[in-house]
Amino acid sequence: MLSTESLKKIDREIAKYPAGQQQSAVMSALRIAQDEKGWLAPETIEFVAEYLGMAPIAAHEVATFYNMYNLQPVGKYKITVCTNLPCTLMGAESAVEHLKRKLGIGFGETTPDGKFTLKEGECFGSCGDGPVALVNNVRLCAKLTPDEADRILAGLE
Amino acid sequence: MANEVIFHSIHLPESWKLENYLKVGGYDALKKVLAEKMAPDAIIEQVKASVLRGRGGAGFPTGLKWSFMPKNYSGDKYLVCNSDEGEPGTFKDRDIIRLNPHQLIEGMIIGGYTLGAKAGYNYIHGEIWECYERFEAALDEARAAGLLGKNILGSGWDFDIHAHHGYGAYVCGEETALLESIEGKKGQPRFKPPFPASFGLYGKPTTINNTETLASIPYIVKHGGQKFLELGIPNNGGTKIFSVSGHVNNPGNFEIGMGTPFSELLKMAGGVKNGRKLKAVIPGGSSVPVVPGEIMMDLTMDYDSIAKAGSYLGAGSVIVMDDTVCMVKALERLSYFYFEESCGQCTPCREGTGWLYRVIHRIEHGLGKPEDLDLLESVAGNIMGRTICALGDAAAMPVQGMLKHYRNEFEYHIQHKKCMV
Ligand SMILES: Cc1cc2nc3c(=O)[nH]c(=O)nc-3n(C[C@H](O)[C@H](O)[C@H](O)COP(=O)(O)O)c2cc1C
């Protein structure tokens, strides 16, 4: 169900916790699974649960609780924009309007070619660099003006 | 007293590397502790003398918290660092991890030694992946140098630290939700008592401290608690990192002595953007009541001064708003946040946060009714103090603060169906 490389990464996470507490690795394991598959299908979540020896429902609870997991397929690039108060004071609205117009989609939608998904985010803990956006959960983009948004989009092939 | 304790070396190239931390006296405090075989109680005495108060928001005295850990417990104990930093306006822990991770690691090792912990975990906010990677790399460097892991610096004492990556849930910043999350569960806060010092991670005695709190420890051990205290003012020891965001010319983190006037901090942040008028400040992160600009200009940045003005220093997260800001719109966005992030465990918070948001949303969109303001106060008042964790209070306090100081803007919105500003 998951590549040997992903399983190796999961094993490295399990080793961080005391013997018998491998459930502690479930958040990382789901992230690693998502990185490989693009999103968490129910059977992927259940595979992770089985691998960690936990009840499938317990893994589903985790996957549905934390909002960086993709419970539906997303575009090749998921762009999450923080619109919380500090980012809004610093210009998030114009960046969001620009992205929506340029991509022709709203929050929670994916472009028809499957390339981009746009998502509204909550505080990334990076307000000093606001407005901020996050690409595929890992790449933080700072000071997101409309021009900067164009530059980022142009760099995503 | 700028950049005295934690940001002392961040201007140097690659300040996050072990070799560069060692060049500025890094790990000297740990070496002293192990070489002198310092008694844990002696370390706790220094931390008490420093009057270091928890930097995660509640301001609880760290030395006192450490003294709650059972001493003669025969099983495992844990130290947990809270780097989940998800409170809007707060971004200091990110820069500690990014720019000076070894000082945090050193503080955690000394904490682990003092508390008799077997291992430490650092729970890192989900959206700052690059910081998580940097912290893991710093742990590897420390292990390779014999500063972490088995037989630390030949002392015969073992202690290891691991990073746990969050994945997007503000409530996991609450310390018992954080413990649940490390255990691989959804992050719902635990009912207290029992407190983590007796029943924490995996049911074992656990101390949870904020990143900035733990990163202050090496300084206190090296220079003594008194010296740290003197960097601030009585009852508010040390320096504090203030995160300034919103309408300022130069947003960012500023480490300054506790008790520094707000006006000076504002100047450091470049003043209000475009020379506009200061309208209001949220002084301690989105959860604390707003303070009007003219009151704020007379305050100093410390727990006691901000509390006297009816708000809280919180995590030192200063959100600056100029006179173009509509307070109804600002509150609408904040209330949406708490509605979105409520974990749903307690009814007053689960139902109340959505209720607050819907009422503020309708006021903002010209559909408010005159009785809505009393309704908001009643809902907020019924959340306060009626939930397992303080997320409920965090949702209620911004509403109460806004209505206290800017009720007229809300009334105007209801009457005229548009903004006053
Ligand atoms: C909803 C909520 C969110 C919190 N978020 C954080 C956080 O991101 N970081 C933090 O250190 N403390 C946070 N806290 C406070 C912690 O529960 C805890 O008091 C703190 O980590 C203790 O460390 P300290 O004594 O060093 O401040 C939060 C509390 C609540 C109720």
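1. Ala, Val, Leu, Ile, Met, Phe, Trp, Tyr, Cys and Pro count here as nonpolar, Asp, Glu, Lys and Arg as charged, and the others, Gly among them, as polar. By that rule, the lining of the second largest cavity divides into 6 nonpolar, no polar and no charged residues. Those residues are A:Ile79, A:Leu99, A:Ala133, A:Leu144, A:Ala149 and A:Ile152.

2. The model is predicted: local features need pLDDT of at least 70, side-chain atom pairs count only at pLDDT 80 or more, and totals for chains, interfaces and linings use all residues. Residues are numbered from 1 along each chain as its sequence is written, chains are lettered from A in the order in which they are written, and side-chain values use heavy atoms, without hydrogens and water.

3. Now the interface. In chain A, 41 residues are in contact (heavy atoms within 4.5 Å) with 56 residues of chain B. By class, that side of chain A has 20 nonpolar, 12 polar and 9 charged residues.

4. Between chain A and chain B there are 5 salt bridges (a side-chain nitrogen of Lys or Arg within 4 Å of a carboxyl oxygen of Asp or Glu). One salt bridge joins A:Lys16 to B:Glu136, with the closest N and O atoms 3.2 Å apart.

5. Back to the cavities. A cavity is a set of points on a 1 Å grid over the protein atoms alone where a 1.4 Å probe fits but cannot get out; lining residues have an atom within 4 Å of a point. The largest cavity has 14 lining residues, with B:Cys343, B:Cys346, B:Cys349, B:Cys389 and B:Leu391 nearest its centre. Its lining divides into 8 nonpolar, 5 polar and 1 charged.

Terms used: 1 Å grid on protein atoms, 1.4 Å probe; cavity = no way out; pocket = protein on both sides within 12 Å on 5 of 7 lines; lining within 4 Å.
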